[in-house]
Amino acid sequence: MPISANDDPFLTLPSWTARVGLPGGQVIREARPEEYPGAEDLLVAAFTTGCWVSPDYERGLRTLAHRAELFRIWVAVDADEHLLGLVLTPRIEFLEAAEFTFSLLAVGPRGRGLRLGSALVDHAVKLARSYGFAQIEIHSSPQMSQAHRLYYASGFVRRVERETIIASEWDERLLTFTLRVPDPLPEAQVLRVPRRPRPLGSRSFGARRPLSELPPAPAGRVDESGAFLPDASVAPVLQEARRWAARQGLGSDAAGVVARQIEADLWAGAHTVLFSPVEDASRAALQVFFARLDHLEARLASTGTFLGGDSPVSADVLLARVLLAYDLGWRAAFPPASGAVADWPRLWNQARSVLHRLDLPQETLAALGLGDHDDSRTEPFGPLPPVFDLADVRAGWLSRPGALRRRRPARTPGVPATPWSGPLAPAPADVRARLQALAGEVEQASALDPEADRGSVEVVREDLLAPLVRLAEGADAPLQHALRRVFFARLAWLDQRVGAVGTLDRAPAAVTPVLRAFQTWLGDVLPPIDPVVADFSALAAWLSATGGCPVD
């Protein structure tokens, strides 16, 4: 029978964790409460030596007593019990996520060069295996480049599509890494710990608000995968934007690929994030939502202030209206630290430029939440989260475009960059030729698929194939990051759907050649730090069942 904590309510740790000896004579064990102040000193020294952190982050390092409510604090000590390094892992009885994690991995100056970082990572991985987890997900600040190298060496991959958390007053977006736990234990050896409610006042970092706290969902339906599809006939935001565009002579129909992406990924996607009862569908929609914002931000870098160049087109009006709805409404119910529109400077200026050109009457501005704000006003999604460097977000929306300049940190000289954080060089000619052949295969599959709708085929062309073609040509850092986010966010979106319904039969046939190419040779286009098909478990199983190449 599987080992279970039901037989012993205090059995929440495997027996091997009591005292783990290391080859160099050091030991990993749980920290004692009286050691917390010294462990906090170690954290501050580790994160400020050859690195930099924001003042808020440094203050957060001195909260181990509070963190101990939800996390176990593991320390590496030498023979004289000097603290050398530490890592935090969740108290398994309170863990709500389907994936294991660890945080605040740190080795102090005294412990460096002893391979303690690798030992602490291995300790966390072994814990995950003991509890039967298949995957570990961790987050890291972008400047922690030495830690990133350790994660890559330990087998972790970068998950750009999951990077939706803006974590400090310096606009730091946390990097995300995952690891498929190697050598899973037989079921009989897994320690099963009953889950308990989290202590009052604690909350999952990154969790969305419960549906019970949100206003009633608009008319619509939840599809078989869990996506919330709002009724197009009751889409006041979109109808209003089209009327504004028509009055400006920009056309009443916001046509084009970009406009459809805005409607599907931002407007309908936000409704899935907010109202879908299926957590996996909500998470997939959240990843696509922010990938689309990054993609549009990168697009504006080449087109100028507006999507169409120097003058707005109908899609600009639609985008500005959806961004306004997000910033002054939906954002309050999105997961914490999701970021405001001001965190995408080009989108921020685009949306405000559109509003200034529309010259809306005061009553319309008031209806949008941009008039004189009354403190007694009821916010439908709750109080707006603060925006760094922007005391009043509503006043910011009415300010002159270009007036906001985001503060940036003074980086510590000599801190090495994270691998593949810069531009991507063009792929070899033979790889680009293979991509051209793949594009032809996609077109042929689309032509032979009479049941595929235009939107589904467009998703394959625009979010899977087009980013690969552009990356193969070479791309600067912001563009390659945005393209990879779109590509992997769409894969995660497909993975969630095939996991929910067991098949991709309703997806266009054009998706199959792209997925099989990704499974076999697209590593020649994407950085080696990126995930592979096996990291999308439902897609990997579907490909294998339908004759795809075997997954290692």
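Predicted model: local features only at pLDDT ≥ 70, side-chain atom pairs only at ≥ 80, totals over all residues.
Residues are numbered from 1 along each chain as its sequence is written, and side-chain values use heavy atoms, with hydrogens and water left out.

**Stop 1: the α8/α10 crossing**

Select 279-303 for helix α8 and 345-358 for helix α10: they pack at about 75°, with axes 8 Å apart. Here axes are lines fitted to C-alpha atoms, for helices over the stretch in contact, and angles run from 0 to 180 degrees between N-to-C directions. Helices (H or I, at least four residues) and strands (E, at least two) are DSSP runs, numbered from the N terminus.

Now show side chains. From α8 come L293, L296, E297, L300 and A301, and from α10 they meet P345, R346, L347 and Q350; contact means heavy atoms within 4.5 Å. By class, this contact has six nonpolar, one polar and two charged residues. The nonpolar set is Ala, Val, Leu, Ile, Met, Phe, Trp, Tyr, Cys and Pro, the charged set is Asp, Glu, Lys and Arg, and the others, Gly among them, are polar.

**Stop 2: salt bridges**

Stay on α8 and pick D294. Its partner is R173, with the closest N and O atoms 2.6 Å apart. R173 sits in the loop between β8 (157-158) and β9 (175-180) and D294 in helix α8, so the pair ties together parts 121 residues apart in sequence. Both R173 and D294 are buried (under 20% relative accessible area; exposed is over 50%, partly exposed in between, with a 1.4 Å probe and protein chains only).

A salt bridge here is a side-chain nitrogen of Lys or Arg within 4 Å of a carboxyl oxygen of Asp or Glu, and by this rule the count comes to 31.

Next, select R198 and E96, whose closest N and O atoms are 3.9 Å apart in another salt bridge. R198 is in the loop between β10 (191-192) and β11 (220-222), and E96 is in the loop between β5 (83-90) and β6 (103-107), 102 residues apart. E96 counts as exposed, at 56% relative accessibility.

**Stop 3: α9**

Colour 314-327, helix α9, by accessibility: 14 of its 14 residues are buried.

**Stop 4: α13**

Move to E443, which forms a salt bridge with R461, closest N and O atoms 3.0 Å apart. E443 belongs to helix α13 (residues 429-447) and R461 to helix α14 (residues 454-472), 18 residues apart. E443 is partly exposed at 38% relative accessibility, and R461 is partly exposed at 31%.

Staying in α13, click A445. A445 is buried, with a relative accessible area of 15%. Leaving aside neighbours within four places in sequence, A445 is in contact with A509 and A510. Its C-alpha is 8.6 Å from that of V511, 66 residues apart along the chain.

Finish on A447, also in α13, which counts as exposed at 64% relative accessibility.
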